[in-house]
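Open the model in your viewer and keep the selection tool at hand. Each stop below gives you something to select and says what is there.

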Amino acid sequence: MGSSQSSQLLDEEEEEEDDEDEPEIEEEEGVDDDGLNRRRTELDNLLVKKVLEQEPEMLPCHASASPLSPQLSSLGTPRIGPSIKVWDPYNVLSAPPPPHPPLFSRISSSSAEHDRAAVTEVYLISHGECDLNLRPDMIGGRCHVATLTTNGKRQARALAVFLNSEGVRFTSVFSSPLDRARSMATSVCQEMNFPEEHVVSSDAIVEMSLGDWEGFHRSEIYTPETLSLIERCQPDFSPPSGESLRQVEFRMVQFLNGLTEKLRSSHHNNARGGLSQSTPHSLATSIHRPSLTRKKSGKSRFQVMNTTGGDHEGSEEMFNHQNDEQHLGDINAKSSASQLSTCVGVFTHSLPIKCLITGILGCSSVMTHKICVEDSSVTVLQHSWKTGWQVKRLNDTAHLRLL
């Protein structure tokens with residue numbers, strides 16, 4: 001027993017000695033790792049210093065070299081700090097170059113100002129009373145035989161007087177090729193001193209085509225079965241060889257968009273070339289320059305009197321000269337303002353006007369039966385750069401009070 005106990009004691013003492021030796025070894029290993037890390041960081045620092053103190057390589061710079069090839073910095077080799085040099089082959093650290101002035105800056109700015117200040121008014125005028133209005137039992141459509149009645153011609157003259165009283169001056173006029181709309185445009189333009197030869201006929205604003213149904217009695221065509229079919233298929237129903245409400249709306253909106261593009265191009269031409277680029281008739285309608293009158297003595301108002309005893313007359317001539325210059329300046333200001341606002345006359349029919357209104361308002365063409373457009377009525381659309389198309393007036397018949 002004694003021997004076994006002594007051997008156990010010896011084993012325990014050896015284990016304790018081994019446990020004491022292990023932390024010493026671990027401490028020695030920890031000391032060695034710290035030293036290696038310190039040596040590595042010192043070597044890294046020495047390498048970084050050597051690299052930074054080394055002069056950069058000077059690469060050749062040719063004028064014909066590619067812009068992607070390394071180029072010398074325009075400011076040389078910039079120095080950041082007391083002893084740090086940076087190689088800047090692409091001029092990243094240099095100041096940004098001044099921006100180049102835009103080409104044609106005046107033209108672009110002036111055209112943009114003209115686009116913003118330009119206001120276009122389109123007068124949609126429905127033709128006056130015609131022969132079809134006296135036959136409500138017949139399907140008219142594009143009846144080429146229908147002409148204006150006597151009452152319709154009186155409505156046209158009353159409309160012209162009303163537009164003249166409002167100071168409306170058309171810069172361009174478009175008309176449907178049908179006789180009733182063309183006659184309406186001719187009568188109004190004659191009263192407004194607009195040349196008849198400048199009236200442009202356009203098939204885009206013609207009356208809706210009812211195809212093979214035109215000329216028949218309504219009772220023969222519009223049976224209950226046909227009416228129910230039309231109601232179910234609207235706005236895409238079209239008579240045989242005719243067109244639908246959606247098709248009429250499409251061509252009217254397309255006509256209005258083309259008109260806007262033409263007016264915008266004319267505004268650009270006026271901004272670039274001034275009054276010299278305007279059409280002769282636009283100048284005649286926008287500028288009403290009074291003739292310069294002469295004095296009874298036969299001498300011009302712009303002539304300065306230098307005769308003896310003519311001090312009073314000379315001062316009067318100078319005063320008249322200043323008044324004339326001021327008056328011409330007012331005329332030029334009014335003419336520039338009139339160039340920014342354009343009035344276009346469109347002589348068409350009631351149903352195409354309704355379809356165009358639904359297209360502008362963004363509603364279905366089925367809503368055309370809820371819009372009232374009477375004979376010889378005026379509907380005014382206004383377009384500007386900020387607001388787009390707006391309905392300014394709808395079905396205005398104030399001129400009929402003159403009858």
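Two strands pair if DSSP finds at least two bridges between them. Helices (H or I, at least four residues) and strands (E, at least two) are DSSP runs, numbered from the N terminus. This is a predicted model: local features need pLDDT of at least 70, side-chain atom pairs count only at pLDDT 80 or more, and totals for chains, interfaces and linings use all residues. Residues are numbered from 1 along each chain as its sequence is written, and side-chain values use heavy atoms, with hydrogens and water left out.

**Stop 1: the hairpin.** Select residues 378-384 and 388-396, which are strand 5 and strand 6. They run antiparallel, joined by 6 bridges. A hairpin of 3 residues links strand 5 to strand 6. Now pick Val380; its bridge partner in strand 6 is Arg393.

Stay in strand 6 and click Asn395. Its phi is positive, about 55°, although Asn395 is not a glycine. Asn395 counts as buried because its relative accessibility is 16% (buried means under 20% relative accessible area, exposed over 50%, partly exposed in between; 1.4 Å probe, protein chains only).

**Stop 2: two loops.** Go to the loop between helix 4 (179-191) and strand 3 (199-201) and select Asn193. Here too phi is positive, near 60°, in a residue other than glycine. Is Asn193 buried or exposed? Asn193 counts as exposed, because its relative accessibility is 66%.

Next, find Pro235 in the loop between helix 6 (224-233) and helix 7. The peptide bond from Gln234 to Pro235 is cis, with omega near 5°. Most peptide bonds are trans.

**Stop 3: the cores.** A nonpolar core is a set of buried Ala, Val, Leu, Ile, Met, Phe, Trp, Tyr and Cys residues joined through side-chain atoms within 4.5 Å. The largest has 27 residues. Select Val122, Leu124, Leu259, Val344, Val346 and Leu381, which have the most contacts inside it. Helix 7 gives the most to this core, 7 residues. Zoom in on Leu259: leaving aside neighbours within four places in sequence, Leu259 is in contact (heavy atoms within 4.5 Å) with Val122, Phe174 and Val344. A second, separate core has 21 residues, including Tyr123 and Val168.
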